[in-house]
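Please look over the structure below.

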Amino acid sequence: MDLDIQCEEMNPSRWAELLSTMKSCSTIRLDDCNLSSSNCKDLSSIIHTNPSLKELKLNNNELGDAGIEYLCKGLLTPSCSLQKLWLQNCNLTSASCETLRSVLSAQPSLTELHVGDNKLGTTGVKVLCQGLMNPNCKLQKLQLEYCELTADIVEALNAALSNNTLGDTAVKQLCRGLVEASCDLELLHLENCGITSDSCRDISAVLSSKPSLLDLAVGDNKIGDTGLALLCQGLLHPNCKIQKLWLWDCDLTSASCKDLSRVFSTKETLLEVSLIDNNLRDSGMEMLCQALKDPKAHLQELWVRECGLTAACCKAVSSVLSVNKHLQVLHIGENKLGNAGVEILCEGLLHPNCNIHSLWLGNCDITAACCATLANVMVTKQNLTELDLSYNTLEDEGVMKLCEAVRNPNCKMQQLILYDIFWGPEVDDELKALEEARPDVKIIS
Amino acid sequence: MTMSPCPLLLVFVLGLVVIPPTLAQNEGYEKFLRQHYDAKPKGRDDRYCESMMKERKLTSPCKDVNTFIHGTKKNIRAICGKKGSPYGENFRISNSPFQITTCTHSGASPRPPCGYRAFKDFRYIVIACEDGWPVHFDESFISP
């Protein structure tokens, strides 16, 4: 049984009512419910008396350090088998960290702890880390975003460190610690940490020594082509079983695509890649496409939004779509593909081998003239369930053609995204009518 | 003396005729306000964008660009009238600049949690009006 509540004011009678249901819940979510430390007393006894409780979400409530103290009383009982705990933005300080450390050291059932967006500070997190080092601690995911950390953190962490000013020195030390530690690191998120290519050799070492590492995010760091080349050494290592790779806004150019192509066509474990906002250009994209035609390329999601692409690379992309059955999500928005480019893409989309179910073409310089082709894809390609055409000047004429396609029962779309497109009242009326004719199709604007 | 009731009756009937179109327009205006109106912004930084975009229900999926206007409803609406001029085929441009914050989607996934970067500006804005009410903000117009 699950309790899932967000943004609800709790008066005493409602709270009492919920408490009785909570006694038998396996997951409880009470985000944004204006809870305070006094509610934590009740929650503590729920945790104490409900051995089937696995997940507890209390984000965005002013629980404070006092509240955590109460909660932890319940969390420390031997019968507690809580696995996941969310306490984001709960007004916690470093004072909570000692309490949380004691939980980490005593509760092997806890595998996820989310304490981002609290002013824990470096000292507090160091205390938390002591809990992590305890042999009883089996934590796999620790989320610390927006906790006001500084470069002082040096201990080995299995953590989400994004959006903290760590810099190369700290990250290098972190990586060396990670390589030595026996932890089975699954996830390493170092986005916007102020790192450069200087850290990449050390991150590469983590990649080649941790087959448990499935998820690497170094987006929003200026690592450049030099850094990427170093990362690829680790990525190509046989020990590396990486599945998810986020390299958005990393200052990469087409020069990176040679190494990336080798990763795409050899790393069968790789499922999801983000290269958003890197100047890959048509030449770079063509190299990646060549690799995606390799039978060993099992990539399912590729995001190349805002990569400086034009209609010139669409032929290569289209030929991937006609042979590659693995690719399911393609985000190629914010590139000047134009009607010509999109028409070529649609040819590939219509190929029976193509299994794309989610396609993002926002701000691609598409106009009404292309909508007939897009409408045809919508009613022909039964597995296409999500299409984004936001921010294109489709005009009333174009949008009405899309609406006509939605009306067709052969159209199996679940979500059609049309943000920032100007249309007149006639289209407004048609969209309203579609809400009733096809309630299964969500049209978002 | 017997004349006075008639003008009153006339006004009442006119009132009945005028109301329905404005009611229909309000849906577009309400949407415009939800997406683009924030008179009293706090911070106008990346975190402001992240919380506003979420609060105004523009994160399922993450809307790539969205501008919040920090002016009064009165002044914004006036762009449809005295405080604006025609722009292109369907739009109107404000006669005076407005304080705005444009939120641009940063990050990888188009799904929440959505990361945003804030860009503060003070510039002329372009909107579309219907029957005197703002109903659309032109994100592509950025004045020099």
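## Positive phi in chain A

Asp365(A) lies in the loop between strand S14 (358–360) and helix H13 (371–380) of chain A. This is a predicted model. Phi of Asp365(A) is near 65°, a positive value in a residue other than glycine. Asp365(A) is partly exposed, at 42% relative accessibility.

Asn89(A) also has a positive phi, near 50°. Its place is the loop between strand S4 (84–86) and helix H4 (94–106) of chain A. Asn89(A) is partly exposed, with a relative accessible area of 35%. Most residues other than glycine have a negative phi, and most peptide bonds are trans.

## Cis peptide bonds in chain B

Ser60(B) and Pro61(B) are joined by a cis peptide bond, with omega about 0°. Pro61(B) sits in the loop between H2 and strand S1 (65–69) of chain B.

Another cis peptide bond links Pro112(B) and Pro113(B), again with omega about 0°. Pro113(B) is in the loop between S4 and strand S5 (115–123) of chain B.

## The interface of chains A and B

Chain B puts 29 residues in contact with 27 residues of chain A. The two chains bury about 2200 Å² between them, 51% of it on carbon and sulfur atoms. In chain B, Arg47(B), Pro61(B) and Ala108(B) lose the most area to chain A, together 22% of what that side buries.

Seven salt bridges cross the interface. One of them pairs Lys432(A) with Glu27(B), whose closest N and O atoms are 3.3 Å apart. Twelve residue pairs are in polar contact between the chains. H1(B) gives the most to the chain B side, with three residues. By class, that side has nine nonpolar, ten polar and ten charged residues.

Definitions and conventions: Residues numbered from 1 in each chain as written. Chains lettered and ligands numbered in written order. Predicted model: local features only at pLDDT ≥ 70, side-chain atom pairs only at ≥ 80, totals over all residues. Heavy atoms only, no water. Contact = heavy atoms within 4.5 Å. Buried area = accessible area lost by both parts, 1.4 Å probe. Salt bridge = Lys/Arg side-chain N within 4 Å of Asp/Glu carboxyl O. Polar contact = N/O pair within 3.5 Å; in protein donor to acceptor, adjacent residues only side chain to side chain. Helix = DSSP H or I, 4+ residues; strand = E, 2+ residues; numbered from the N terminus. Nonpolar A, V, L, I, M, F, W, Y, C, P; charged D, E, K, R; others polar. Buried < 20%, exposed > 50% of the residue type's maximum accessible area, 1.4 Å probe, protein only.
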